[in-house]
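Hello,

Here is the structure for your files. Please look through it first; notes on what was found follow below.

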Amino acid sequence: MYRVAVCEDEKNLREDLCAQCAALLSGLQMEHTVTPYSSAEELEAAFSAGAEFSLLCLDILMDGKTGMKLAQELRERDDRTSILFITGSTEFLTINYRFPIITPDVEGDPAALVIIAVKGYDLEQAIKTDLRLYHQPRTVTFRVAGRTFVLPAEDILCAESRDHGSVLH
């Protein structure tokens, strides 16, 4: 299940972004939930209650705690949730940002995904990039008697070598 949290303080923008994410994921036939939050504090409360997300869509500029500050705090706690920054302001856009862009997180960890985007840019491409990089099922491909089989890696308990062959359990 792909879980999206949309954190945007402007109600109309929040509702629009939730609808766009839901329509896109439905079109990709991806089982999903999209949950709206009106502030970083509200999203933090959800995290404290045990909520987990695949992707956070964070407004950079919000009243109270900003999306950038929330992202920084999440990375300090070693949370590796993908982040899509949303802004209508060009002040955060520099020559280094092309959209969508995959760049190290706010603390410089190259293993984490942060996608910087602007409303109106290709949300679909940003979500597809996150799905491709971090949410594809891992599979193992093998051949038996001229036939090819693909199994989800999580279905394999162990593998052993036996008589010049392999046995999967």
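Notes on the structure

A145 is found in the loop between β7 (139–144) and β8 (147–152). Helices (H or I, at least four residues) and strands (E, at least two) are DSSP runs, numbered from the N terminus. This is a predicted model, in which local features need pLDDT of at least 70, side-chain atom pairs count only at pLDDT 80 or more, and totals for chains, interfaces and linings use all residues. Residues are numbered from 1 along each chain as its sequence is written, and side-chain values use heavy atoms, with hydrogens and water left out.

Most residues other than glycine have a negative phi. A145 has a positive phi, near 50 degrees. Its relative accessible area is 79%, so A145 is exposed (over 50%; buried is under 20%, partly exposed in between, with a 1.4 Å probe and protein chains only).

Q29 sits in the loop between α1 (11–27) and β2 (32–37). Its phi is also positive, near 55 degrees, and Q29 is exposed at a relative accessible area of 75%.

How do α1 and α4 cross, and at roughly what angle? The axes of α1 and helix α4 (residues 123–134) come within 11 Å and cross at roughly 55 degrees. Axes here are lines fitted to C-alpha atoms over the stretch in contact, and angles run from 0 to 180 degrees between N-to-C directions. The contact (heavy atoms within 4.5 Å) is made by L17, Q20, C21, L24 and L25 of α1 and L123, E124, I127 and L131 of α4.

Regards
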